[in-house]
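Here is a friendly briefing to read alongside the model. It covers ring pairs, a helix packing and a single side chain.

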Amino acid sequence: MNLPNKLTLLRVVLVPVFMAFMLIDQQWAYIAGLAVFVIASLTDLLDGKIARAQNLVTTFGKFADPLADKMLTTAAFLIFMHYGFINPWPVFIILVREFVVSGIRLVAAADGTVIAAAFWGKFKTVMQMVSIIAGVFMMCIPTLIHESVAKPITAILIWISVLFTIISGIEYVAKNRHLLKFK
């Protein structure tokens, strides 16, 4: 197993660690959860860069990398829902986009086609990670940013990432509509 795939697997392993810390509902645990999330996010950045630079792109990596990303962001969105920072709607919209994209990728794979991530998809992921890191950071410093301020700021950041999620989903469907042949 190559280094990029090990980094992807590390991200998968870090997801339940992140959730466990975040569910402790203590400031020290939120700080630990933030550290775990940042480390996991960095593995996402590194695995792709290393795989492309060293020509280590694998079928496993093409499958596991986006799955690990979705696991990490979904875990954070669930945590935010648990603590009342966001309602279910942004999570629903994000998950629908991911299901649609995954479905198109499955259809493409059946035809032997690999669809590379586009700019808006990458930007969507960055915006989701930034909004999550900002939200968790605000949870870490309740004496500086009260929950009554942190919750709406987090919700606004998540909704901004939802906007880019929608844009990237529309772009993805438009570019790959030929795979969705209706008979």
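**Aromatic cluster and helix packing**

Phe164 is buried, its relative accessible area being 16% (buried means under 20% relative accessible area, exposed over 50%, partly exposed in between, with a 1.4 Å probe and protein chains only). This is a predicted model, in which local features need pLDDT of at least 70 and side-chain atom pairs count only at pLDDT 80 or more, while totals for chains, interfaces and linings use all residues. Residues are numbered from 1 along each chain as its sequence is written, and side-chain values use heavy atoms, with hydrogens and water left out.

**Aromatic rings**

- The whole structure holds 10 aromatic pairs (rings of Phe, Tyr and Trp, the last by its six-membered ring, with centres within 6.5 Å; planes under 30 degrees apart are stacked, over 60 edge-to-face and the rest tilted).
- One of these is edge-to-face: the ring centres of Trp120 and Phe123 lie 5.9 Å apart, with planes at 85°.
- Trp120 and Phe123 sit three residues apart in helix 5 (residues 119-140), so about one helical turn separates them; helices here are DSSP runs (H or I, at least four residues), numbered from the N terminus.
- Trp120 is partly exposed at 29% relative accessibility, and Phe123 is also partly exposed, at 27%.
- Trp120 also pairs with Phe164: their centres are 5.9 Å apart and their planes at 10°, so this pair is stacked.
- Ring pairs connect Phe119, Trp120, Phe123 and Phe164 into a cluster.

**Helix 1 against helix 3**

- Two packed helices are described by the angle and the distance between their axes.
- The axes of helix 1 (residues 3-22) and helix 3 come within 9 Å and cross at roughly 15° (axes are lines fitted to C-alpha atoms over the stretch in contact, and angles run from 0 to 180 degrees between N-to-C directions).
- Helix 1 and helix 3 are therefore roughly parallel, a term for angles under 35 degrees.
- Residues meeting across the contact include Leu9, Val12 and Phe18 in helix 1 and Ala68, Leu72 and Ile79 in helix 3 (contact means heavy atoms within 4.5 Å).

**A buried threonine**

- Thr73 lies in helix 3 (residues 59-82) and counts as buried, at 4% relative accessibility.
- Leaving aside residues up to four places away in sequence, Thr73 touches Gln128, Met129 and Ile132.

Key:
Helix = DSSP H or I, 4+ residues; strand = E, 2+ residues; numbered from the N terminus. Parallel < 35°, antiparallel > 145°, perpendicular 65-115°, else oblique.
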